[in-house]
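Let's take a walk through a protein chain together.

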Amino acid sequence: MRSTLSLADRKFLLHGAPVKRRLIPFVSSTLLFCALGLVGRSAETQGVSKQVEVVATRFAFTPADITLKKGQPVVLLLKSPDVAHGLRFRELNLDVKIPAKGSAEMRFTPNKNGDFVGHCSVFCGSGHGAMTLTLHVVE
Ligand SMILES: [Cu+2]
């Protein structure tokens, strides 16, 4: 009788303890996973943007090539140390004017892959037509 009880006790203990031990890491890792998921989602919905400074001068954008991630919001901080310029991406329906010796922002979220060539949209002199900025949007 005594031996049967202690066997049952041992069985209960052996069975009970590991379940608790297994459950705690499971619950905490699930909570951590959820927390990380929320952070990731809020970062995207609140628009934590990648910022890129672009200098527009006669007759070039510097940098002239920018690689962006599809779905990540971006802000192009446009500056002109000389005359007025503009930046237009016809395919993306974006057009921003940059005042002479001033700055402007272009905010958007690229939602398709590919290369998009932007042009200066304010006539700024003889090399105006060759003034381009290429966005490479990747997954
Ligand atoms: Cu121009």
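Start with L77: its bridge partner in β7 is E105. A quick word on terms: two strands pair if DSSP finds at least two bridges between them. Strands themselves are DSSP runs of E with at least two residues, while helices are runs of H or I with at least four residues, and both are numbered from the N terminus. In general, strands of a sheet pair through backbone hydrogen bonds, either parallel or antiparallel.

Before going further, know that this is a predicted model: local features need pLDDT of at least 70 and side-chain atom pairs count only at pLDDT 80 or more, while totals for chains, interfaces and linings use all residues. Residues are numbered from 1 along each chain as its sequence is written.

Now widen the view from that one pair. Four strands form an open sheet, in the order β2-β1-β4-β7, with mixed pairing. Which strands sit at the edges? They are β2 and β7, each of which pairs on one side only. On average, neighbouring strands of this sheet are turned by 25° against each other, direction ignored; the axes behind that angle are lines fitted to C-alpha atoms (for helices over the stretch in contact), and angles run from 0 to 180 degrees between N-to-C directions.

What about the inside? Of the chain's 139 residues, 15% count as buried. Buried means that 20 or more other C-beta atoms lie within 10 Å of a residue's own; exposed means 12 or fewer, partly exposed is in between, and the C-beta atoms are placed from the backbone. The largest nonpolar core has twelve residues, among them V54, F61, L76, L78 and L133. A core like this is a set of buried Ala, Val, Leu, Ile, Met, Phe, Trp, Tyr and Cys residues joined through C-beta atoms within 7 Å.

Zoom in on V54. Leaving aside neighbours within four places in sequence, V54 is in contact with F61, T62, P63, L76, L77, L78 and L133. Contact here means that two C-beta atoms, placed from the backbone, lie within 7 Å. Among contacts in the chain between residues at least 6 apart in sequence, 64% join residues at least 24 apart.

Most residues other than glycine have a negative phi, and most peptide bonds are trans. The bond from R58 to F59, however, is cis, with omega near 5°, and F59 lies in the loop between β1 and β2. Another cis bond runs from T62 to P63, with omega near 0°; P63 is in the loop between β2 and β3.

Then there is phi. N93 has a positive value of about 60° although it is not a glycine, and N93 counts as exposed because it has 8 C-beta neighbours inside 10 Å. K101, also not a glycine, has a positive phi of about 55°.

Finally, find G129, in the loop between β8 and β9. How far apart are G129 and F59 in space? Their C-alpha atoms are 8.6 Å apart, though 70 residues separate them in sequence.
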